[in-house]
Amino acid sequence: MKNMGIVLIMASTLVCSFNVIAAKANFSVINTGQSAGSSEGLIVSGGEWFKKRQLVHNAVLIQHERGDLLIDTGLGRNVDDQVAVMGWLDQQLLAYTKAVPAVDQLQQQGYDFSRLKAIIPTHLHWDHASGIEDFKRFNTPIWVQKEELETAKKHAPPAFIQSQFDDPAINWHFISLNNTRKLGFAASLDVFDDGSVILLDMAGHTHGQIGVLVNNEYLFIGDSTWAIAGVNNNVGRSALVKWLMDLNYDQQKSDDLVETLHQLTIENKKLVIVPAHDEDVAATLPRYPEFLM
Ligand SMILES: [Zn+2]
C-alpha cells in the first residue's frame, strides 16, 4: 500500500507537469486577403524578378487559458474606403484581393469575443491596422507602444491611414517593454508570465514595431522583412521599393534588426520565423479555424 501511495504521488506530479505543458499557447492564422501579385525582385533584395509573389494579409489568433490575443488585424471591413486616400501609384503597388475580415471569420465560428484579452498590432501600417475599428463594439484593448501611435498619427498614406485609428472610442492600452533581453532583442514583455507569449522590441520598420514569440518556437516578426528570404539572406527590401516608397522609420535599425534575425536562424535552427506577409511560410501554419494543437 505504501508503494501504491508513492506511485499515486508520482502520477499526480506527472499530471501537474502535463498541465504546465498544456498551458502553452496555441495559435491559428486568419487570412484576410492577399496582394494582387508582384515580382519577388520587388519584395526582397536579390529576389527573382520573374517569380510572382502574392503576399498575404494575415492576423494571428493566439489562444491562452488566461485570454486570447489577436496579433494584427489584416484587412478590415472598410479597407476599400480606407485606402482611397492613397495616391494612384501606391494603390497599384499595394493592390489586394480581399478575403473575409478577421472579425467576421471569428463571428462565423461562434467565437466568444469576451475571451479576447487584447489586439496587438505588430505596427500600425495600413495593412495591419485596417481591422482595428471592426472590434470597437467589443471594447477590446489595443496594445501598442506609445511611440508607435504617436508616430502613426503624424504620418500620411500610404504607410499610415488616419481613418483606421482615429475613432476616439478605441480602447488604447500603452504597453512598456522592460529591459529583459530575449533572443538578442534588448526589450521584451512576457504577457502571461509563463514564457508562452513574449513581445519583443523590433523597432526599425516603424518606431514601435513589436515581434511576438510564441512557445519559444514561433517568432512573428511583423514587417521586419516581407519574405523569409530577407532573413535567410540578411537583406532588406529591394532598392526599387525603397526608392518608390520610404517605408522604414529608421533604416539603420531596420538593417540591424534583419541582421539579428539572420543570426537567430544560424543559432537556433528550430525557431520558425514568420514574416507577416510571406505566403509560403503562412502555408505551413494552421489556418483558422484549425489550430496548432
Ligand atoms: Zn505589412
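This report covers a zinc site, an open sheet, and the pockets and cavities of one predicted model.

Residues are numbered from 1 along each chain as its sequence is written.

**The zinc site**

Four residues coordinate the zinc ion: Asp-127 (OD), His-128 (NE2), Asp-223 (OD) and His-277 (NE2), at 2.0 to 2.2 Å. Donors here are N, O and S atoms within 2.8 Å of the metal (3.2 Å for Na, K and Ca); water is not among the atoms, so sites may look incomplete. Along the chain, the donors follow the spacing D-H-x94-D-x53-H. His-128 lies in helix 6, and Asp-223 lies in the loop between strand 13 (218-220) and helix 8 (228-232), so the pair ties together parts that are 95 residues apart in sequence. Helices (H or I, at least four residues) and strands (E, at least two) are DSSP runs, numbered from the N terminus.

The angles among the 4 donor atoms run from 83 to 156°, and the site is irregular. Four donors count as tetrahedral if all angles lie between 85 and 135 degrees; four count as square planar and six as octahedral if opposite donors are over 155 degrees apart and all others between 65 and 115; anything else is irregular.

An open sheet holds 5 strands in the order 10-11-12-13-14, with mixed pairing. Two strands pair if DSSP finds at least two bridges between them. Strand 10 (188-190) and strand 14 (272-274) are the edges, each pairing on one side only. Strand 11 (residues 197-201) and strand 12 (residues 210-214) run antiparallel, joined by 5 bridges. Leu-200 has Gly-211 in strand 12 as its bridge partner.

**Pockets and cavities**

Rolling a probe the size of a water molecule over the atoms shows where empty space is left. On a 1 Å grid over the protein atoms alone, a cavity is a set of points where a 1.4 Å probe fits but cannot get out; a pocket is an open set with protein on both sides within 12 Å along at least five of seven lines; lining residues have an atom within 4 Å of a point. Grid points are joined across faces, edges and corners, and a volume is the space filled by probe spheres set on the points.

| Space | Volume |
|---|---|
| Largest pocket | about 440 Å³ |
| Second largest pocket | about 210 Å³ |
| Largest cavity | about 120 Å³ |
| Second largest cavity | about 60 Å³ |

The largest pocket is lined by 25 residues; Leu-55, Leu-93, Leu-94, Trp-226 and Met-245 lie nearest its centre. Helix 2 (40-43), helix 4 (88-93), helix 6 (126-129) and helix 9 (239-244) each give two or more residues to this lining.

Helix 10 (residues 251-267) gives the most to the lining of the second largest pocket, with 4 residues. Arg-181, Asp-201 and Lys-253 are among the residues that line this pocket.

There are 3 cavities of 30 Å³ or more. The largest cavity has 16 lining residues, and the closest to its centre are Asn-58, Val-60, Phe-220, Val-274 and Ala-276. Strand 4 (residues 56-63) gives the largest share of that lining, 3 residues. The lining of the second largest cavity includes Ile-132, Phe-135 and Asn-171.

Terms used:
This is a predicted model: local features need pLDDT of at least 70, side-chain atom pairs count only at pLDDT 80 or more; totals for chains, interfaces and linings use all residues. Side-chain values use heavy atoms; hydrogens and water are left out.
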